[in-house]
Amino acid sequence: MSQNQAQLAPAPAAVTEDRRLLRRLDRHRNVLVPTVAVVALVVYFQSQTSAFVSADSAQNILRQMAFLTVVALAGTFVILIGGIDLSVAANATLAGILIATWIDDFGGTLAILLVVAVGAVVGLVNGLITTFLKVPSFLVTLGMMSILNGISNSISNGGPVSYRSDLLQRLVNESTIPGIPNGALIAIVLTAIATVIAFATPFGRHLYAVGSNERAAALSGVRVQAVKLAVFALAGAVAAIAGIIFTGQASTGVPMGADPSLLNSIAAIVVGGTALSGGVGGPHRTLLGALVIVLLSSGMDITSVDPYTQLIVKGAVVIAAVALTIDRRRYGIIK
Amino acid sequence: MASTESRIVDIARDPSFFPSPLSRRAFLSVAGAAGLAVGLSACGDDSTGKGKGKSVASKSWIQVTTLSNDFFVAFNEGGKQAMKALGVEVASLEDQGNVNTALGQIGTVKAAGGKSVFGTPATEAQAAAVTKAAQAAGILYASSYTAPPWYTPADADKWVRFITPMSTKIAEATARALFEEVGGSGTIIHVPGAKGSSADDQRTAGLNAALADFPDIEIKTASPGNWTSEDARKSFTNILPSVGDFVGVFAQNDSQAAGVIAALDAQGIKGKAVTGFDGNQQNVQYIADGKQFLTSATIGGLTAGLLGVTTFDALNGVEFSLPERFMAQGALLVKPDSAATVLDTIYQDQLPFDWSAMSRSLNPDSWDPQTVLNPIDPEEYYQGVPQDEYTLNKAWAKADIAGVRETYDAAFKSGPLFAFKSELVA
């Protein structure tokens, strides 16, 4: 037995090398796992139907990814500081209704600026209540979600809001770069900007500091309340951009339109590897997470997977992705 | 005693089993990957039987809000049965009422080489968005129930047909039957659907139209039931203390009627006449059991089948005139005296309709819609609704609505609903 073991056991140097490689892979697994998942999904669905890797399919996936990425980006910032914003989708819905209502009257540029400003103000209100009244962000944004939906429905009277301007069509659906819908381009550019902000600016470092340990950040001189307010306002503004993309894609203002995407946006954030506990992750990961979610949905639709099975698969993939990307060293106990 | 998880991890780390024992984290990562693999492998469990290499050229797609609701399940099943009868491959899409998902699915159909989708959008806004997306993608689209006011198939040539029950007329007939059942006097609790829904507005309008002839009926309106059993149960329960005695309940759909019946059962209240809308099988059974007084059955599966056959015909060269593309489907008022018969003859696992007979392309001279289909006059249908979002397309000025009505009336000559032809409300 011991002789067999000796024959099977690799040389100590090889074991060390293997472990070093594993450690190196482990260090980057938060990005590697979603990337591998994206590749695996593409390969798998292509093996099921040749239509999956096609220009039409790619454009469809990019279109779906555009809105989901931007609304998830909005949520990512708040999650990075250890909070959560459940009102991002409702904020996007309101923005979508407002842009449809205002674009013909105010003109495209002014309407977009106003809508983004309204979104930022909504986010700021979330931040003020969370920061100064010390109400948990979960509860504040849950309440705000209901308020915003009420306002959206009041403005639209619960029905579609049509508009004549073709600006959103050009801005969102047409392709400045051939093959890439402008909406997807906006999402990619926003992700790049957000990633630079997160990793290459003092604000970004402060954001992670607050998310990792708020008290330690405060003791280190970080203006925690200002960071939180800025993050919530930023999240609101980005959610408004998501709403504009949504209305552009739907060609009409849709009451409650963006709301059902809230859970998908949170799934995109966590599948990407951003920890709900704050301080870990980043906007670039959200882009990957959104891509996984959209690839999965689109792939299962195009291969005609039964809708009941789709629910099981989506749940299994989210759990598996989190199991793979979660950094257990940050948790003493997992509940 | 060691947990199962610990023992599994210990085995994974045992050098006698593996030459390079895994760390606990590495093992958990591998286990996670296995979960992902299991998830992906389930994708291969394709209950609709589609496989690699099959042509999707003639395949059709059914888009529904959810498959966790009686109506949508029946709609989906009817669509599948009709397409199977025509030899057309079909797949289901569940959009969860998410417009973003619904639009993505239209893109998916296009990417898959699909040429047709039929379904039932959740809201007017979704109907507008999906119709425009299908038009832009060049995919034939047929839909039911919900359409944006004054926006008709004349505005989108790929929107081949819209079929809906005439909510106002059916609601008026339902309300009249209810008022007569309770003796023409007393308090009726009205449980509306969802605010902002045209179907809800039309059903309320029908109720009010009937009310004009029954001065001794008093209506107490509860909060919206949002088309669900649970919300209706809550809104009905909440209004009860302020109502006092009442004689009946006008619930704006069958799911809501089921919620009301649950609340009545929970409180031990008996002898109240409850009406619903849609003809869900459960509610027809309630009527047979004496728990509900009436529902109006348009039979969602039949609607889906009619839409599916329409896309099949359109793809096979049939050109439908404008009035044929905007139609009302007959609804059967099911009461206690007819519920058992209706259950036996219509609510079968396999719907008893001759789908092939409906096809104009298969039976150019002898097609039969198997139900009442009346062309809708948009001026009448959208009467009182402002035209600020959409205006009626000028093509309607030349539409021969009366001629199409006669043609379809003459064509309906068989099927399980033929015995009820004169009773169908459309």
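**Pockets, cavities and core**

The lining of the largest pocket draws at least two residues from each of helix H7 (137–156) of chain A and helix H3 (70–85), helix H5 (124–137) and helix H7 (198–211) of chain B. Helices (H or I, at least four residues) and strands (E, at least two) are DSSP runs, numbered from the N terminus. The model is predicted: local features need pLDDT of at least 70, side-chain atom pairs count only at pLDDT 80 or more, and totals for chains, interfaces and linings use all residues. Residues are numbered from 1 along each chain as its sequence is written, chains are lettered from A and ligands numbered from 1 in the order in which they are written, and side-chain values use heavy atoms, with hydrogens and water left out.

A pocket here is an open set of points, on a 1 Å grid over the protein atoms alone, with protein on both sides within 12 Å along at least five of seven lines; a cavity is a set where a 1.4 Å probe fits but cannot get out, and lining residues have an atom within 4 Å of a point. Grid points are joined across faces, edges and corners, and a volume is the space filled by probe spheres set on the points. The largest pocket holds about 1400 Å³ of space. Its lining numbers 44 residues, with Ala122(B), Thr123(B), Ala194(B), Asn226(B) and Trp227(B) nearest the centre. By class, this lining has 14 nonpolar, 24 polar and 6 charged residues, where Ala, Val, Leu, Ile, Met, Phe, Trp, Tyr, Cys and Pro count as nonpolar, Asp, Glu, Lys and Arg as charged, and the others, Gly among them, as polar.

The second largest pocket has a volume of about 1000 Å³. Of the 40 residues that line it, Glu124(B), Pro149(B), Val385(B), Pro386(B) and Asp388(B) lie nearest its centre. H7(B) gives the largest share of this lining, 5 residues. The lining divides into 16 nonpolar, 13 polar and 11 charged residues.

The largest cavity contains about 90 Å³, and its lining includes Arg161(B), Asp313(B), Arg360(B) and Trp367(B). Helix H11 (residues 300–315) of chain B contributes the largest share of that lining, 4 residues. The lining comprises 8 nonpolar, 1 polar and 3 charged residues.

Chain B has 15 helices and 13 strands. Of its 426 residues, 56% are buried, that is, under 20% relative accessible area, against over 50% for exposed and in between for partly exposed (1.4 Å probe, protein chains only). In helix H10 (residues 281–289) of chain B, the buried residues are Asn283(B), Val284(B), Tyr286(B) and Ile287(B). They lie on the same side of H10(B) because they cover an arc of only 150° around the axis, the arc being that of the directions from the helix axis to the C-beta atoms. These buried residues pack against helix H9 (254–267), strand S10 (295–297), strand S12 (332–334) and helix H12 (339–345) of chain B. Just after H10(B), Gly290(B) takes a positive phi of about 85°.

How values were computed:
Contact means heavy atoms within 4.5 Å.
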